[in-house]
2 protein chains.
Amino acid sequence: MDIVVVGSIALDSVETPFGKVKEALGGSAVYFSVAASFFVLVGLVGVVGDDFPKEHIVLLESRGVDTSGLARKPGKTFRWVGRYDYDLNKAHTISTELNVFAEFEPEIPDRLRKAPFLFLANIDPELQDKVLSQITSPRLTALDTMNFWIEGKPNELEKVISKVDILLINDAEVRQLADEPNLVKAAKKLLSLGPSRIVVKRGEYGAMMFSQEGIFFAPAYPLERPVDPTGAGDSFAGGFLGCLAKSGELSEDNLRQAVVMGSVIASFAVEDFSLNRLLKLKPAEIKERFREFIKLTRFEGSFPSI
Amino acid sequence: MDIVVVGSIALDSVETPFGKVKEALGGSAVYFSVAASFFVLVGLVGVVGDDFPKEHIVLLESRGVDTSGLARKPGKTFRWVGRYDYDLNKAHTISTELNVFAEFEPEIPDRLRKAPFLFLANIDPELQDKVLSQITSPRLTALDTMNFWIEGKPNELEKVISKVDILLINDAEVRQLADEPNLVKAAKKLLSLGPSRIVVKRGEYGAMMFSQEGIFFAPAYPLERPVDPTGAGDSFAGGFLGCLAKSGELSEDNLRQAVVMGSVIASFAVEDFSLNRLLKLKPAEIKERFREFIKLTRFEGSFPSI
C-alpha cells in the first residue's frame, strides 16, 4: 500500500448550468483515491451507511483501491446537495446530511498502518490527529482543511498542521487561517507552523507551492467546458500525492512535477459530473495534457536586451 | 519614435490600506510611457489642463518621452479619486472629473505618425478609430478598453477591435464583451473579430495570451507588499509593447517573453503609489525579476512514469 487516505465518502446531488446528477458517487476520499489510482495503490479509510450501493465498492476495488478500511454502519450515507452557477469557483450548498459520517471514528487497519504516504482529507482536525498517530512510519503526510474547522477548531487544527509535511488548502482559507490578507505573507506564516510546504489551490487560477526553496506556480488548464467542479481539490491532491509517491524521491523537482500532475488530474475531473471523467481517463490522455501544461507555461529564458 | 500611445493623463488621489496620495501623476498614457521607456522611445498623445505641473512634463521628457503630442488646454486636468481595500483587485471610484479630457480630440503630430507601434489606451472607441487612421504604416497596433465602452459603445468598439492586432483587456471584460462566461470561449470569440492575439490581464492571477498558436500563461509576481494597483494594467501594456518593439520580431517566442516582461514591469508599478517605483527602477532589477519569473514557472518536462 503506497498511500492511505482518510476522508468522506458521499452521495452528491449537484446541479450546474451544464446538467445535474442525483446521489452520485462523491466525497473527498473517493475523488482522492481514484485520482491517485493512476499512479499507485491506495488504501481508503472512511464510513458509509447501509444504503451505500455495492457497485461503488466494486468500482473502487477495480481501480486497485484497498477498501479494508471502509466501515459500513447502520444508517444513511453522507449526502451533499449543491449548486454552481456560471461562476464555477463558488459552490452553493443546498443541504448537508452528515448521517453516519457524523459519528465517524477512523480506524486504520493494521495492513494500512505502514503506508509511506498519508493524505488527511478535510475532516475534524481532532480525527486527523488521531489518524496521524496510527500511522507508524510515514515518509510524507499531507492535510487538507476548510473554513468550517478554521472557525470552529482553530487550536486543534494548528496542532495537527504542525505535525504534517504538506498543507493543501485553498486561496481564501490560507488567508483566513493565517489571519493575513496577503497570500505570500499568509503562506510564510503557515510554513512557520511546521509544514515544509504549503500548496495553495486557486481553482481556475491554478495552484502555488510555497517552501523554503521558493515559490512555484502552475496554471489551471484552460477548459472550454468545465461541467462540475465538485471534487476538483481532492482530485488535485490525488494526482499530486499519487505522482509523488510513484516517483519516490521528495526533491523540489519532483514536487513541482507533482503539482502540475495535480492540476492535470483536476482538469479532467471537472470535465464531467461525479467520477465520470476520471473513470474513463486513459494514461495517454494524462501524458498528452501534461505536455500541454509545458506548452502553456514555457517562454524563452534568455533575457531580452533593454 | 518607436511607439505612440494615446490615452489619459491624470492627477490621481488614491487611498489604500498602505497609505495615500493626493493629485499624484497618473493616467493610462503616463503609466504606459514610463513603463515602455525602459525599452524604447515613446511618443505620448494626450491632453492636460493649464493646472498641470510643468515638472511632470520635464520628468516624462527626462525618460525620453516625446511630448509634442501633449496638448495643454484651458481648464483643469483630468482627476480620479479612488480607494482600494485589502482586496487590491477591486478599485472603488469615489469621483471622476473628466475636465479637459471630456473634449479630448487626439491629434497625432506628423513626426509621430510614422511610428511602427501604436497603443490605444482606454478611451472612447471612436477616438481610438480616428487615431488609428492617422498612423500611416503601423507594424503592430494594440488596444485596451473597459466596461464603460463595452456597455456604451459596443458597435464602435467592435469596429475598432476588428482593425487592431492585439486586444489587451481584463478578465471580467473579456467575458462581458464576448457575452460568454467561459474565458477560453470568450477569447476565441474575440479572436474571430480580427485581432491575432487577445491578452487577458487577471491582476494578481497573472496574464494569459490567446492566439491561433495556442494559449500562454504568465503568473503575476507574488508580492508581499503590493501598495497601490493603480496603473498596473497600463504598466503591463508598456512593458509588453516596449519589450516587443525593442526585439523587433513579432514571433510567438518574443510575444511570450513580452507578456512576462509586462508582468515584471506591472509587479514593480504596484510596489508604490503613482509612478514612484517605476521612476526609481533600474535595468538590473528588471533583469533580476525576469529571472525570478523563470524560477517561478519552471518544472521538469520529462514525463513521470505512471
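Guide: Let's start in helix 10 of chain B, where Arg256(B) and Glu252(B) sit 4 residues apart, about one turn of the helix. Helices (H or I, at least four residues) and strands (E, at least two) are DSSP runs, numbered from the N terminus. The side chains of these two residues meet in a salt bridge, 2.8 Å from N to O. A salt bridge here is a side-chain nitrogen of Lys or Arg within 4 Å of a carboxyl oxygen of Asp or Glu.

Visitor: Before we go on, what's the background on the model and the numbering?

Guide: This is a predicted model, where local features need pLDDT of at least 70 and side-chain atom pairs count only at pLDDT 80 or more, while totals for chains, interfaces and linings use all residues. Residues are numbered from 1 along each chain as its sequence is written, chains are lettered from A and ligands numbered from 1 in the order in which they are written, and side-chain values use heavy atoms, with hydrogens and water left out.

Visitor: Thanks. Back to that pair: are Arg256(B) and Glu252(B) buried or exposed?

Guide: Both Arg256(B) and Glu252(B) are buried. Buried means under 20% relative accessible area, exposed over 50%, and partly exposed in between (1.4 Å probe, protein chains only).

Visitor: And which residue forms a salt bridge with Glu271(B)?

Guide: That is Arg277(B), with the closest N and O atoms 2.8 Å apart. Arg277(B) also forms a salt bridge with Glu285(B), at 3.0 Å. Arg277(B) counts as buried at 15% relative accessibility, whereas Glu285(B) is partly exposed at 29%. Glu271(B) is partly exposed too, with 22%.

Visitor: Which helix of chain B gives the most to the side that touches chain A?

Guide: Helix 12 of chain B does, with 9 residues. Other elements of chain B that supply at least two residues there include helix 8 (183–191), strand 13 (214–218) and helix 9 (232–247).

Visitor: How many residues does each chain bring to the contact?

Guide: Chain B brings 48 residues and chain A brings 48 residues, where contact means heavy atoms within 4.5 Å. About 4,500 Å² is buried between the chains, and carbon and sulfur atoms give 63% of that. Buried area is the accessible area (1.4 Å probe) that two parts lose on being put together, summed over both.

Visitor: What rotation superposes chain B on chain A?

Guide: A rotation of 180° with 0.0 Å of shift along its axis does, at an RMSD of 0.0 Å. That is the relation of a two-fold axis. The copies are superposed by least squares on the C-alpha atoms of residues with pLDDT of at least 70 in both. In chain B, Tyr205(B) comes closest to the rotation axis, its C-alpha being 3.1 Å away. And 100% of the interface residues of chain B are also interface residues in chain A, so the copies meet through the same surface.

Visitor: Switching topic: how many residues of helix 1 of chain B are buried?

Guide: 9 of its 9 residues are buried. One of them is Ser33(B), at 0% relative accessibility. Its side chain reaches the backbone oxygen of Ala29(B) at 2.7 Å. Leaving aside neighbours within four places in sequence, Ser33(B) is in contact with Val5(B), Val42(B), Leu44(B) and Val65(B).

Visitor: And the strands: in which sense do strand 2 and strand 6 of chain B pair?

Guide: Strand 2 (residues 10–16) and strand 6 (residues 79–84) of chain B pair in the parallel sense over 5 bridges. Two strands pair if DSSP finds at least two bridges between them. Strand 6 of chain B is also joined by 6 bridges to strand 7 (residues 91–97) of chain B, running antiparallel. Those two form a hairpin with 6 residues between them. Trp80(B) in strand 6 of chain B stands opposite Asp12(B), and the bridge partner of Trp80(B) in strand 7 is Thr96(B).

Definitions and conventions:
A polar contact is a pair of N or O atoms within 3.5 Å; within protein, one must be able to donate a hydrogen and the other to accept it, and residues adjacent in sequence count only if both atoms are side-chain atoms.
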